[in-house]
Amino acid sequence: MKMGKVKRRPPQRRGRTGVGIRMPKARVVFCVEGKTEEQYVRKLVEERYQEHVVPVFWGASHETSLRNLIETVQRRSKTDDIGEGVWIICDADENVAHVSQLKNWLRKNDKFHRVAVTRPCIEYWLLLHYVDSPRCSNAKAAVNELKGHVSGYAKGKPLPADLLLMTDRAVKRERTLSASFGSSNVWPNRNCSQIPDLIDWLDALAKRRQTL
């Protein structure tokens, strides 16, 4: 009896998942200074990266110091999976005393340790979604200025639903300001936000996963 030819499936390209198989989301660890930072990161991931990233938060969501954030990461990373890496998100306000500790932490594993500092505070970054150049000189002024754009704003309260729709605009504004004042390396030497660095990193992560 003549047997039919055996059909062979073409080999899949290495790294690609089969049809119908969903690739696990990338684990990214965040250690944040306060509830506003956590709310922002959660909304950012939900709006731009929900198909590719699952955010994991270490530490309590309340006001704390950069020193405590670093110590939390050092302790948890000994036993927990850091996934694609660890991001510390904090304000420059009142944390300048811990800059040396931050630099040491970054040097120990610069491939997986990252930081996004905003000076004076997270509200400065939120303001860039609404204005070209925030006028605030300190944290209190930043909060008051933001209230002029976000009615009833208060730390820990839900952020406006449309804020994340203006992310690219805020990034462009920060890049323009940074170009005019020059780079500030690890610690900001003027009012600025390093959150665009986080967004660039997440964009690159999502793009890599789209090609797998």
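User: What makes helix H2 and helix H3 roughly parallel to each other?

Analyst: In this predicted model, where residues are numbered from 1 along each chain as its sequence is written, local features need pLDDT of at least 70, side-chain atom pairs count only at pLDDT 80 or more, and totals for chains, interfaces and linings use all residues. Side-chain values use heavy atoms, with hydrogens and water left out. H2 (residues 66-76) and H3 (residues 99-108) pack at an angle of about 25°, their axes 10 Å apart. Angles under 35 degrees count as roughly parallel, over 145 as roughly antiparallel, 65 to 115 as roughly perpendicular and the rest as oblique. H2 and H3 are therefore roughly parallel, and their crossing is left-handed.

User: Which residues of H2 and H3 meet?

Analyst: From H2, Leu 66, Arg 67, Ile 70, Glu 71, Val 73 and Gln 74 meet Gln 101, Leu 102, Trp 105 and Lys 108 of H3, contact being heavy atoms within 4.5 Å. By class, this contact has 5 nonpolar, 2 polar and 3 charged residues.

User: What makes up the contact of H6 with H7?

Analyst: Thr 167, Val 171, Glu 174 and Arg 175 of H6 meet Pro 196, Asp 197, Ile 199 and Asp 200 of H7. These residues divide into 3 nonpolar, 1 polar and 4 charged.

User: How do you know whether Trp 87 is buried or exposed?

Analyst: Its relative accessible area is 3%. Buried means under 20%, exposed over 50% and partly exposed in between (1.4 Å probe, protein chains only), so Trp 87 is buried. Trp 87 lies in strand E3 (residues 86-91).

User: Which residues is Trp 87 in contact with, leaving aside its neighbours within four places in sequence?

Analyst: Trp 87 is in contact with Val 28, Val 29, Phe 30, Cys 31, Arg 114, Val 115, Ala 116, Asp 197, Leu 198 and Trp 201. Val 28 is 59 residues from Trp 87 along the chain, yet their C-alpha atoms are separated by 7.8 Å. Asp 197 is also one of the H7 residues that meet H6.

User: How many helices, strands and buried residues does the chain have?

Analyst: The chain has 7 helices and 5 strands. Buried residues make up 45% of its 212 residues. Of the contacts with a separation of 6 or more, 75% join residues 24 or more positions apart.

How values were computed. Helices (H or I, at least four residues) and strands (E, at least two) are DSSP runs, numbered from the N terminus. Ala, Val, Leu, Ile, Met, Phe, Trp, Tyr, Cys and Pro count as nonpolar, Asp, Glu, Lys and Arg as charged, and the others, Gly among them, as polar. Axes are lines fitted to C-alpha atoms, for helices over the stretch in contact, and angles run from 0 to 180 degrees between N-to-C directions. A crossing is left-handed if the near helix is turned anticlockwise from the far one by less than a right angle, and right-handed if clockwise.
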